[in-house]
Amino acid sequence: MSSDRQSDGEDADEAQVDGPSGGESEEGRDGDGDDQREPLPAPRRRHGAPDSRTAFSSTAKAYDAQLVGGSGSGIGCSVFQWLRKRTLGRGLHVDPARDNFRTMTSLYCSMSPATDSVNLSTQTHGAVFNLEYSPDGSVLTVACEQTEVLLFDPVSSRHIKTLVEAHEDCVNNIRFLDNRLFATCSDDTTIALWDLRKLNSKVCSLHGHASWVKNIEYDTNTRLLVTSGFDGNVITWDTNRFTEDGCPHKKFFHTRYLMRMRLTPDCSKMLISTSSGYLLILHDLDLTQSLEVGSYRILRTRRPPLSSGASPRNSLEVLTPEIPGERDRGNCITSLQLHPKGWATLLRCSSNMDDQEWTCVYEFQEGAPSRPPVSPRCSLRLTHYIEEANVGRGYIKELCFSPDGRLICSPYGYGVRLLAFDGSCGELADCLPAETSRLLEVRSIYSHSDVVLTTKFSPTHCQLASGCLSGRVSLYQPKF
């Protein structure tokens, strides 16, 4: 990206040098005597620039005249390219994306707890285990320890509805399928479907797991709901054919010590983390084909490299991710998230002794934006890490990426930390280090009286939410 900006800047500088005073001579322009062409105006920079339509029109005419005159390159070509890049919003002086990143970085750096943060009574709701915004950002849902799900308007903090007995045990995870339909899962081994337009009752309850259900994903290509639980099963549910009695389902995968399961944004991979420190990756995912795997021992063979041709569907890779400071000790992968553009995976890991916690970012080597694979047998590379506060042992802390993937929000003791890949909150693809480096702390915010367990960015607003063990939900917004 920096090289693009530099070349755009050189084009702009070249255009200024090659204006009427520094390009062709007057004799060259008036050589025919009868053909009086209008001198080409020197381009002006963004500040004090003339009307864009007038400048573009006159430059286009001059460019056409240059082509007719047979000069084809030089003043007209360079100036025309420079103005065209301005029109497209590219270049050193006009870069909306860069300006937007600076604006968002400034906004996130000024994040502070909102005065109207939502306070929940611990006597009724218990701890907050998960937060989820609707895709349009109009609803914030809260998964609570004591069987309840709460819904709020995140802009006004107005309480919308409490689903008093959403489940018979802890509510662990919430997932929106679209702007109105969402699913919840629980330690009561069930999944429930809900419709925002009719919250008085469930759409249906889904039964199929034998233990606590911890995770929900949704394949937008096949419209299959995917769930995972501590029974080691990953189950797919055909939401195209659901009724009040449930919907067809089948066991897709099984492994011991399963903790979390995620789908990449394009649903081409499935990642599964385990309490034994392994990370399983299913490549070229096809959820319509069940994998009959009987024992964990079979899974410990790495995905074989292919000499030619396409990779087979649902090919399996088993990794032991590198963890800083844990080379000689086991670890548990407790939380798993994916970059919104599918470039990397974000892990929260703890040592087997529960005396250390780390947040780690791993770049996908296959299909990564700027780096060739290190090895055909390893598709992840540790790029960034940071040590976390070892507070609230035994509880899983759910971290998250910002919608643009430039920031990470991580629970940190009684507050949250905003972390970035570099000092300018750049894209991961633009600041991949040659060697593993530390994540940079952008801002730390402490607004809870107990351990923070979960965080979530709004998909549409510059807002952040966090929930803690004592049942409080805090909202964070820029403060000016």
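Tyrosine 414 counts as partly exposed, because its relative accessibility is 41% (buried means under 20% relative accessible area, exposed over 50%, partly exposed in between, with a 1.4 Å probe and protein chains only). This is a predicted model, where local features need pLDDT of at least 70, side-chain atom pairs count only at pLDDT 80 or more, and totals for chains, interfaces and linings use all residues. Residues are numbered from 1 along each chain as its sequence is written, and side-chain values use heavy atoms, leaving out hydrogens and water.

**Around tyrosine 414**
- You will find tyrosine 414 in the loop between strand E23 (407-412) and strand E24 (415-420); strands are DSSP runs of at least two residues, numbered from the N terminus.

**Aromatic pairs**
- The structure holds 4 aromatic pairs (ring centres of Phe, Tyr or Trp, the last by its six-membered ring, within 6.5 Å; planes under 30 degrees apart are stacked, over 60 edge-to-face, the rest tilted).
- One of them is the tilted pair of phenylalanine 176 and phenylalanine 182, at 5.2 Å centre to centre and 40 degrees between the planes.
- Phenylalanine 176 is buried at 7% relative accessible area, and phenylalanine 182 is buried at 0%.
- Tryptophan 212 and phenylalanine 230 also form a tilted pair, with centres 6.0 Å apart and planes at 35 degrees.
- Tryptophan 212 is partly exposed at 40%, and phenylalanine 230 is partly exposed at 34%.
- Ring pairs also join Phe176, Phe182 and Trp194 into a cluster.

**Charges over rings**
- Arginine 417 has its charged end over the ring of tyrosine 412, 3.8 Å from the centre (NZ of Lys or CZ of Arg within 6 Å of the ring centre and within 35 degrees of the ring normal).
- Lysine 269 places its charged end over the ring of phenylalanine 364, 5.6 Å from the centre.

Technical notes
Helices (H or I, at least four residues) and strands (E, at least two) are DSSP runs, numbered from the N terminus.
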